[in-house]
Amino acid sequence: KFILFFYLTLFLFDLKSLSVVAVIIELAVYAVKNFAKRDVLAYCILFYAFSVVITSNLLVDIGATMAERFIYTGSLAFCIALVVLLSKLLKVDTQNISFATARPLFIVVTVISVLYGAKTVARNEAWSSNLELYKTGLETAPNSWRAQYLMGVEYTRMISKEPDALLKRELYKNANECLNRSLAILPNNSDVYLIKGYADEFGGQIDSAIVSYTNTIRLDSFNTQALVNLGGVFLRTNRLDESIKTLSRVISYDPNNADALANLGASYGNKGMFNESAQFYQRSLKARPVQPPNVFMSMSNVYRFLGDSANAQKYRQLMIQAQANGTAEAR
């Protein structure tokens, strides 16, 4: 509702938006009035409109902003209309056209084609990586919350993979700036806060991560990933009661969430409640038999404290197997 109100307000008070709507209305009126007359421009307008409306986010949210690939089909209508308009401007008889009678038109169309061809080749460089693509997106639309958000997402991914501490700090700074700009353009966006939480975690800013995940949940109370991440942060900072409370909220409506169940097992284990810990670990294994090494290591320790040497040894072996392979499957 907030986002709809935001865009409605922008639409009502932004002259650029109103001018675009005015042009669209004029084109629509022209197309409707002249289509029956077999007018080529009317056909081009309708062809373009019907081809782009599918990906315009007007009929259905496709989860992406406008991109050149979405108007590829519609560009055919644009090209036809351009040639028709140029022929009218240059007073070319299109019924009896030839190079001799329409030399200026051929020259202009050739020049335009070469220039746009060069532009297409130059644009290909932007697709060399996500980072370059999103940078060009920011150059084109610096006031787009989504462009800033996508740039922040890419910097956040890079933080998680960067071993160098100095570079990690620089990437975190970049991610934080982009995500903060995104929130300044479109406040109270739960998706942005969620990624900001990841960036804060990867950047070692735990208090900020808690604030970011809490804001995500405030705006989207059923955001499972934010709840799981927040519970994990509480677990790692030894705020065990808060971790249990947060993760229990997840499994109250998603009882087979393997990450929440495993973290509950760890939380209860750290509190010395080993029977409860074992139960949650087993539920996590049932939901997702393939687990990382740390889960099996913790399970081995829990069963060792319970005096169950057979299971302690079993999960220790699975831990060793997972360390060798990245993950292991409990059977």
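Predicted model: local features only at pLDDT ≥ 70, side-chain atom pairs only at ≥ 80, totals over all residues.
With 9% relative accessibility, N223 counts as buried, where buried means under 20% relative accessible area, exposed means over 50% and partly exposed lies in between (1.4 Å probe, protein chains only). This residue lies in the loop between α10 (206-219) and α11 (224-236), the helices (H or I, at least four residues) and strands (E, at least two) being DSSP runs numbered from the N terminus. Leaving aside neighbours within four places in sequence, N223 is in contact with L194 and T216, contact meaning heavy atoms within 4.5 Å.

Residues are numbered from 1 along each chain as its sequence is written, and side-chain values use heavy atoms, with hydrogens and water left out.

Apart from neighbours within four places in sequence, T216 is in contact with S190, Y193, L194, N223 and A226. Helix α11 holds N229, which counts as buried at 10% relative accessibility. The C-alpha atoms of N229 and G269, which are 40 residues apart along the chain, are separated by 18 Å.

The next topic is the nonpolar interior. In soluble globular proteins, nonpolar side chains tend to be buried together. Here a nonpolar core is a set of buried Ala, Val, Leu, Ile, Met, Phe, Trp, Tyr and Cys residues joined through side-chain atoms within 4.5 Å. The largest such core has 21 residues, of which Y149, M151, Y155, I159, L179, V192 and A199 touch the most other members. At least two residues of this core are supplied by each of α6 (130-140), α7 (145-161), α8 (165-185) and α9 (190-202), and the largest share, seven residues, comes from α7. A second, separate core of 20 residues includes I217, L230, I251 and L264.

R181 and K168 are 13 residues apart in sequence, and their C-alpha atoms are 20 Å apart in space.

R38 is found in the loop between α2 (15-34) and α3 (40-52), and its phi is near 60 degrees, a positive value in a residue other than glycine. K91, found in the loop between α4 (74-89) and α5 (103-123), has a positive phi of about 55 degrees although it is not a glycine. R38 counts as exposed because its relative accessibility is 75%, and K91 counts as exposed at 76% relative accessibility.

Finally, the chain may be viewed as a whole. The chain contains 16 helices and two strands, and its C-alpha trace spans about 95 × 45 × 40 Å along the principal axes. Its radius of gyration is 29 Å, whereas a compact globule of 331 residues would have a value near 20 Å; the radius is taken over C-alpha atoms, and the globule rule is 2.2 Å times the number of residues to the power 0.38. Of the 331 residues, 35% count as buried. Among contacts with a separation of 6 or more, 45% are accounted for by residues 24 or more positions apart. The accessible surface comes to about 20300 Å², of which 61% belongs to carbon and sulfur atoms, with areas taken from the Shrake-Rupley method with a 1.4 Å probe and, for residues, only the protein chains shown counting as cover.
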